[in-house]
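Please examine the two chains shown below. The paragraphs that follow lead from the contact between them to the details within each chain.

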Amino acid sequence: MKFRRLGLMLLPVFAASYALAQGGGDKRRTGYQDMSPALQQMQDDDTSNPGMLFVQAGETLWKQPAGKANKSCADCHNGVETSMKGVAARYPAIPKGADTPVDLAGRINLCRTGQQQAEPLQPESQDLLALTSYVTYASRGLPIAPPNDPRLAKFRSEGEAMFRRREGQLNLSCANCHDDNAGKKLAGATIPQAHPTAYPVYRSEWQTVGSLQRRLRNCLIGIRTDAYAYDSPQYLALEVFLMDRARGLKIEAPGIRP
Amino acid sequence: MANALINAPKTAKRGEAIEIKALILHPMETGFRPGTNGRMIPRNIIEFFSARWNGEEIFKMTFSPAIAANPFVSFFTIARESGKIDFLWTGDENFRVEESVSIVVT
């Protein structure tokens, strides 16, 4: 009897230490933690972060009427601070009436063609990156929270399969670098764990802001395989998987990366 | 889509040294790079940047093709009187951007 009582008393202690171990067990690191202090400082200061130029440009576009409907984003959604808060943290998602996921940039283009009756913005165009940056900025500091849509499971497992599949002349998978060898060096640069917390990201290598798809394209070319066209289902599947893999990590866009 | 970010204090004490930071969106194309068609991309850089405090020039800078895209300029100046600081960037392809901030000196 006595032992049982002791056991019951100890139970919360065990539970607490288990929970603590789980919390401390998260070995995930974002690219931010692996980059130089100089770059971290550049990202943290909004007046030296060139990504903020895109956020600022996005704000102008947000208020600018477009298309045959002659409506601006703000006409329906008002300010991003409330209407777009947390939106970037849950994309890619499957929009109403569709059965395949779209990422945030794709969602913006759906609004453009559907609501504004305007031409869709070209992938990686400055306007699309600016709008995406502005909308993502409203989710800064919020944890990545992919929707619990059962239809996404299929795309997530497709993405995961791609992540682990060896490809290209170098015969490497994403996991070979970003799971097995993250934290080590590749040609002087630290291999990140590839968590998409900072997109659209300002890369000093690009000297401009680019999307996650552009980054994936870079990696594909790096392992010497053919890159897919923008907005192809392969990128979307990878994006769905990567966002799920980074679930809970905080959005830090507009980020800076070397 | 030319836009700039200026970071200057809104207030300052007379005689105080203040830091002013200016960041502008610009490709700073060097003119030494071939494009995808093999032909050289024409040079497109900012050539000149200046800052004027109530009309008086307090900082100027000539840019070269070796300066990276989206140039970030930071400089110090002494706060003397309240007023307006005007910034001007000019460059190739009739690039011209003006920005201004106001500052109160006590």
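Buried area is the accessible area, taken with a 1.4 Å probe, that two parts lose on being put together, summed over both. The size of an interface is often given in this way. In this predicted model, chain B and chain A bury about 1200 Å² between them, and 61% of that area lies on carbon and sulfur atoms.

The contact draws 15 residues from chain A and 13 residues from chain B. Between the two chains the count is one salt bridge. Its partners are Lys21(B) and Asp45(A), whose closest N and O atoms are 3.2 Å apart. Across the interface of chain B and chain A, seven residue pairs are in polar contact, with both residues at pLDDT 80 or more. On the side of chain B that touches chain A, the elements that give two or more residues are strand E1 (4-7) and strand E3 of chain B. By class, this side of chain B comprises nine nonpolar, three polar and one charged residues.

Spanning residues 17-24, E3(B) pairs with E6(B) in the antiparallel sense over seven bridges. Within E6(B), Phe72(B) is the bridge partner of Leu23(B). In a regular strand the side chains alternate between the two faces of the sheet. Strand E6 of chain B, residues 72-78, has a covered face made up of Val73(B), Phe75(B) and Thr77(B). Its uncovered face carries Phe72(B), Ser74(B), Phe76(B) and Ile78(B).

Salt bridges form the next topic. Over all chains the count comes to 21. In chain A, Arg156(A) and Asp244(A) meet through their side chains in a salt bridge, at 3.7 Å from N to O. This pair links distant parts of the chain, 88 residues apart: Arg156(A) belongs to helix H9 (residues 152-164) and Asp244(A) to helix H12 (residues 233-245) of chain A. Asp244(A) has a relative accessible area of 22%, so this residue counts as partly exposed.

Which residue forms a salt bridge with Asp92(B)? The partner is Arg43(B), with the closest N and O atoms 2.9 Å apart. Asp92(B) lies in the loop between strand E7 (83-91) and strand E8 (95-105) of chain B, while Arg43(B) lies in the loop between E3 and strand E4 (46-53) of chain B; the pair therefore ties together parts that are 49 residues apart in sequence. Is Asp92(B) buried or exposed? Buried means under 20% relative accessible area, and Asp92(B) is buried because its value is 14%. Arg43(B), in turn, is partly exposed, with a relative accessibility of 34%.

A further salt bridge in chain B joins Glu57(B) to Arg52(B), the closest N and O atoms being 3.8 Å apart. Glu57(B) is partly exposed at 33% relative accessibility, and Arg52(B) is partly exposed at 36%. In chain A, salt bridges that share partners join Glu160(A), Arg164(A), Asp179(A) and Arg245(A) into one network.

The backbone deserves a separate look. Most residues other than glycine have a negative phi, and most peptide bonds are trans. Against that background, the peptide bond from Tyr91(A) to Pro92(A) is cis, with omega near 0°. Pro92(A) is placed in the loop between helix H6 (80-83) and helix H7 (104-114) of chain A. A cis peptide bond also runs from Ala253(A) to Pro254(A), with omega near -5°. Pro254(A) lies in the loop between H12 and strand E5 (255-257) of chain A; H12 of chain A is also the helix that holds Asp244(A).

Where in chain A does Asn78(A) lie? Asn78(A) has its place in the loop between helix H5 (73-77) and H6 of chain A. Its phi is near 55°, a positive value in a residue other than glycine. At 53% relative accessibility, Asn78(A) counts as exposed. In chain B, Asn94(B) has a phi near 55°, which is again a positive value in a residue other than glycine. Asn94(B) lies in the loop between E7 and E8 of chain B, the loop that also contains Asp92(B). Asn94(B) is exposed, with a relative accessible area of 76%, whereas Asp92(B) is buried at 14%.

Key: Residues numbered from 1 in each chain as written. Chains lettered and ligands numbered in written order. Predicted model: local features only at pLDDT ≥ 70, side-chain atom pairs only at ≥ 80, totals over all residues. Heavy atoms only, no water. Buried < 20%, exposed > 50% of the residue type's maximum accessible area, 1.4 Å probe, protein only. Helix = DSSP H or I, 4+ residues; strand = E, 2+ residues; numbered from the N terminus. Pairing = 2+ DSSP bridges. Salt bridge = Lys/Arg side-chain N within 4 Å of Asp/Glu carboxyl O. Contact = heavy atoms within 4.5 Å. Polar contact = N/O pair within 3.5 Å; in protein donor to acceptor, adjacent residues only side chain to side chain. Nonpolar A, V, L, I, M, F, W, Y, C, P; charged D, E, K, R; others polar.
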